[in-house]
Amino acid sequence: MGGHVGAPHVAIVGVGATPQGKLPGATPLGLQVDAFRLALADAGLRKDEVDGLLTMPGTTTPEGARNYLRLGEALGLAPRFTASLSMGGATALVLMQLATQAIAAGAATTVACVFGDTARTGGSRFAAAYGWGDSWGIWGMFAAAANSAMTARRHMHEYGTTSRQLAEVAVACRRHASLNPAAVMREPMTIEDHQASRPVVEPLRLYDCCLISDGGVAFIVTSVERARRLRARPVRVLGVAQAHSPETIGNPEWWYVPHQQTAAEAAYRAAGVGPEAVDVAQLYDNFTISVIVWLEHAGFCKRGEGGAFVEGGRIQLGGALPVNTAGGNLSESYMQGWLHVVEGVRQLRGECGPRQVEDAEVGLVTGRGMTLNCAAAAVLARD
Amino acid sequence: MTYAKPLPTIDDDNRPFWEALTHGELRLQRCLACGHHRYPIAPACPRCLAAEHEWTRLSGRGRVFSYVVFHHVYHEAFRPDVPYNVALVQLDEGPFMFSNVVGVPNEALRCDLPVTVVFDRVTEAVTLPRFRPLEDP
């Protein structure tokens, strides 16, 4: 498998996720510490073996970009490689890329990537208006849902995508969450339930939108060689890439998030495999339309065909391509894509019980964040 | 009655845009080096990086590239307005801007609907560019 350009011999060796949902009294820092402890135990590592620390500050993290410092202190670490980064839902995978590069370059041997947030109980920030300088709120343009609603409307106009097709995504995530004891939303959902949910920002309804959650997540990256000596079954990072469109409405294609395709293609190239090799995919689902667009960008279907692709349960377990097998941001918990990494790893370890994709060898994980600006993708494989 | 919705922060960089609107003109920056019309307002051309520009008057015509209808109230001042639309309008000269389409029920909106600018004076200092259908939809 190895030897491809851009694919360092690096593996994810430990994952940790705290309880998710509504956690009164929890703090972002405390959740990060808990997640780190869980990931260490999963890997069978001692904390003094971790010499790299990468973090994403939560939306409620008071210290913001200095989170690496606060968490490093709380964990009693002395890293020789550390940083905090805020790219929303692309961050986990961008940090994975930084970790693989640091390990390949000898800047660190074992890097922990950690996130914690109390967006559910600590005050959600997702309703704010975007725009530098003049706020888009002047015209009433608020919240993350509106950006994806713009994408959905144009996608519907150009390709005939329907709200019932969006519902297929929500229903698939919910069915998978029902098989995941750690998921927040486990009640079964039908397409009709989705259609009956209240409009939030048309064409998006309530069940097109992700949850808002408290929780912490961590994963640990090290060399494949070191990983093989540890407790957990290593999952190799075959390829990981990022791409961005910092321009928003200044870019005529902004609505379609074209950098997602750039990131996915670069990850495949580094991995030396294409979409046909992918057994299971964790596709970033801040809103249902995002999954449809990711299916197109990651090469599972052509542009405009994502709506048809998801019909008839094809992204459910047992379908053509099982997607978001733990329930995703829509039904497991909104950890901004960090749990997508955890599930990506667990599927390839074969640990997923009733939601396990049989003989899963290669998995794709994607992330996207900010005002449709940032994207990243990773191809993972069983060692 | 005070206007409770968000207002622009007028500064040296965007004053020509907001002043022109109070005179019933839609003006945006046009790069003097490459001719690119840019929006959002920026210190240099994002295509060629030249700073030299003029505030050129636009036709005010464009089309609804995409639009959404807000039902959820994210800001109290918009509560009386729901359901209200926000459109991503592509101007004939190229740039995209967010705005609202007036003079048409939300149900009659559609992508690619031709629109033209109207000037909505909301305070003494601020006139917002909104759009109305060019013809009866």
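## Charges

Lys and Arg count as positive here, and Asp and Glu as negative; His and the chain ends are left out. On that count, chain A carries 32 positive and 34 negative side chains. The centres of the two sets lie 4 Å apart. Keep in mind that this is a predicted model.

## Overall form

Chain A contains 12 helices and 11 strands. Its radius of gyration is 19 Å, close to the 21 Å that the globule rule gives for 383 residues, so chain A is as compact as a globular protein of that length. The C-alpha trace spans about 55 × 40 × 40 Å along its principal axes.

Of the 383 residues in chain A, 64% are buried. The accessible surface comes to about 13100 Å². Carbon and sulfur atoms account for 52% of that surface.

Now take the contacts between residues at least 6 apart in sequence. In chain A, 76% of these join residues at least 24 apart.

## A closer look at Asn180(A)

Asn180(A) sits in a loop of chain A, between α5 (163-178) and α6 (191-196). Is Asn180(A) buried or exposed? Its relative accessible area is 3%, under the 20% cut-off, so Asn180(A) is buried.

The side chain of Asn180(A) reaches the backbone nitrogen of Ala182(A) at 3.0 Å. Which residues does Asn180(A) contact, leaving aside its neighbours within four places in sequence? They are Arg186(A), Ala326(A), Glu332(A) and Arg355(A).

Technical notes: Residues are numbered from 1 along each chain as its sequence is written. Chains are lettered from A and ligands numbered from 1 in the order in which they are written. This is a predicted model: local features need pLDDT of at least 70, side-chain atom pairs count only at pLDDT 80 or more; totals for chains, interfaces and linings use all residues. Side-chain values use heavy atoms; hydrogens and water are left out. Helices (H or I, at least four residues) and strands (E, at least two) are DSSP runs, numbered from the N terminus. Buried means under 20% relative accessible area, exposed over 50%, partly exposed in between (1.4 Å probe, protein chains only). A polar contact is a pair of N or O atoms within 3.5 Å; within protein, one must be able to donate a hydrogen and the other to accept it, and residues adjacent in sequence count only if both atoms are side-chain atoms. Contact means heavy atoms within 4.5 Å. The radius of gyration is taken over C-alpha atoms; the globule rule is 2.2 Å times the number of residues to the power 0.38. Accessible areas come from the Shrake-Rupley method with a 1.4 Å probe; for residues, only the protein chains shown count as cover. The place of a charge is taken as NZ of Lys, CZ of Arg, CG of Asp or CD of Glu.
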